[in-house]
Amino acid sequence: MDTAERTIINGWLNDLFPGIPTLIQNDALIALAAGTGGEQYGGVVISGTVMIVYGVDANGQTRRAGGWGPIFSDKGSGYAIAAAALTAIAQATDGLGPPTALEGALLDYLDLSTPQALITWAYSDPAWSRIAELSPLVGECARQNDPVALSIIEEAAIDLAAAVEHVVRNLNLLNESISIVLSGGNLGSGLFGNLVSQHLHTLIPKAHLVRPAVEPATGAALLALGFLQKGQSN
């Protein structure tokens, strides 16, 4: 969030809650706090419909990668994974790529009869979340050893882990024993989440990978509590 946006939102909040101190933060910091018990130190990677990587060092300096939204790719997001699957089906249909089990999986899931019907489905409502909801099917096909799906999942995991390494390195935390919080629907215990974890263990061996035990709302409450305890105002 840039300064102009922060100023606008602060104005809204001050109008609604006059005299009450406010704290506006990136939702990635909330996810970090949910995994660290409120501590603002370490890194967080979120992969759901979209993705973002966010890091904070001991001095409060921050770095981020991703979070630009699907139009800007956001590699390692659910949207990017699903879009790659749709591309693979189109290429296979045109004879420009290998056959893939993704075709049957997506057509069955969407109750469509031909690959060409995906065109109408996709463009009738190109909402990001609608496309991203196809990403679990890519994971299922990858677990069944479909080479195309495996390639998509593996590439996405590499891209996401590389973004985390970039943020951690730029904060000079590669050799620190930090927590990296894994958040978002794609980073559970499935194939994609496991691959991301494996790559992170290789790239940042001293890091502790953490999956939040509480909801993001609890992370927001912990940040607010710390904010009030320090007597800060924004």
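Biologist: Let's start with the hairpin of E2 and E3. Which residue there takes a positive phi?
Modeller: That's Gly60, with a positive phi near 85°. The hairpin has five residues between its two strands. Keep in mind that this is a predicted model.

Biologist: Noted. How many bridges join E2 to E3, and which way do they run?
Modeller: Five bridges join them, and the two strands run antiparallel. For one spot to look at, find Val56, which stands opposite Thr62 in E3.

Biologist: What does E2 pair with besides that, and how many bridges are there?
Modeller: E1 pairs with E2 through six bridges, antiparallel again. Gly42 has Val56 as its bridge partner in E2. The link from E1 to E2 is a hairpin of three residues.

Biologist: How many residues of E2 are buried?
Modeller: Six of its six, so to speak: strand E2, residues 51-56, is mostly covered. Both faces are covered, with Met51, Val53 and Gly55 buried on one side and Ile52, Tyr54 and Val56 buried on the other.

Biologist: Zooming out, what's the strand order in the sheet?
Modeller: The order is E3-E2-E1-E4-E5, in an open sheet of five strands with mixed pairing. At the edges sit strand E3 (62-66) and strand E5 (208-210), each pairing on one side only. From one strand to the next, the twist averages 15°.

Biologist: Now H2. Why do you call it largely enclosed by the rest of the structure?
Modeller: Because nine of its ten residues are buried (H2 covers residues 27-36). Among those buried are Leu29, Ile30 and Leu32, along with Ala33 and Gly35.

Biologist: Let's go back to E1. Is Ser47 buried or exposed?
Modeller: Ser47 is buried, because its relative accessible area is 0%. It's found in strand E1.

Biologist: What is it in contact with, leaving aside its neighbours within four places in sequence?
Modeller: Ser47 is in contact with a list of residues including Gly76, Ser77, Gly78 and Leu160. That list also includes Ser183, Gly184, Asn186 and Phe192.

Biologist: Switching to Pro99. Where is it found?
Modeller: In the loop between helix H3 (78-93) and helix H4 (102-110). Pro99 counts as exposed because its relative accessibility is 75%, and the cut-off for exposed is over 50%. Not counting residues up to four places away in sequence, Pro99 touches Ala92 and Val148.

Biologist: And how far is Pro99 from Leu134?
Modeller: They're 18 Å apart in space, C-alpha to C-alpha, and 35 residues apart in sequence.

Biologist: What about Asn10, buried or exposed?
Modeller: Asn10 counts as buried, because its relative accessibility is 12% and the cut-off is under 20%. It sits in helix H1, residues 3-16. Between Asn10 and Ile24 there are 7.7 Å, C-alpha to C-alpha, and they're 14 residues apart in sequence.

Biologist: Let's end with the whole thing. How many helices and strands are there in the protein?
Modeller: Ten helices and five strands. The C-alpha trace spans about 65 × 45 × 25 Å along its principal axes. Of the 234 residues, 41% are buried.

Biologist: Last one: how many positive and negative side chains does the protein have?
Modeller: There are 10 positive and 21 negative ones, and the centres of the two sets lie 10 Å apart.

Note on methods. Residues are numbered from 1 along each chain as its sequence is written. This is a predicted model: local features need pLDDT of at least 70, side-chain atom pairs count only at pLDDT 80 or more; totals for chains, interfaces and linings use all residues. Side-chain values use heavy atoms; hydrogens and water are left out. Helices (H or I, at least four residues) and strands (E, at least two) are DSSP runs, numbered from the N terminus. Buried means under 20% relative accessible area, exposed over 50%, partly exposed in between (1.4 Å probe, protein chains only). Lys and Arg count as positive and Asp and Glu as negative; His and the chain ends are not counted. The place of a charge is taken as NZ of Lys, CZ of Arg, CG of Asp or CD of Glu. Two strands pair if DSSP finds at least two bridges between them. Axes are lines fitted to C-alpha atoms, for helices over the stretch in contact, and angles run from 0 to 180 degrees between N-to-C directions. Contact means heavy atoms within 4.5 Å.
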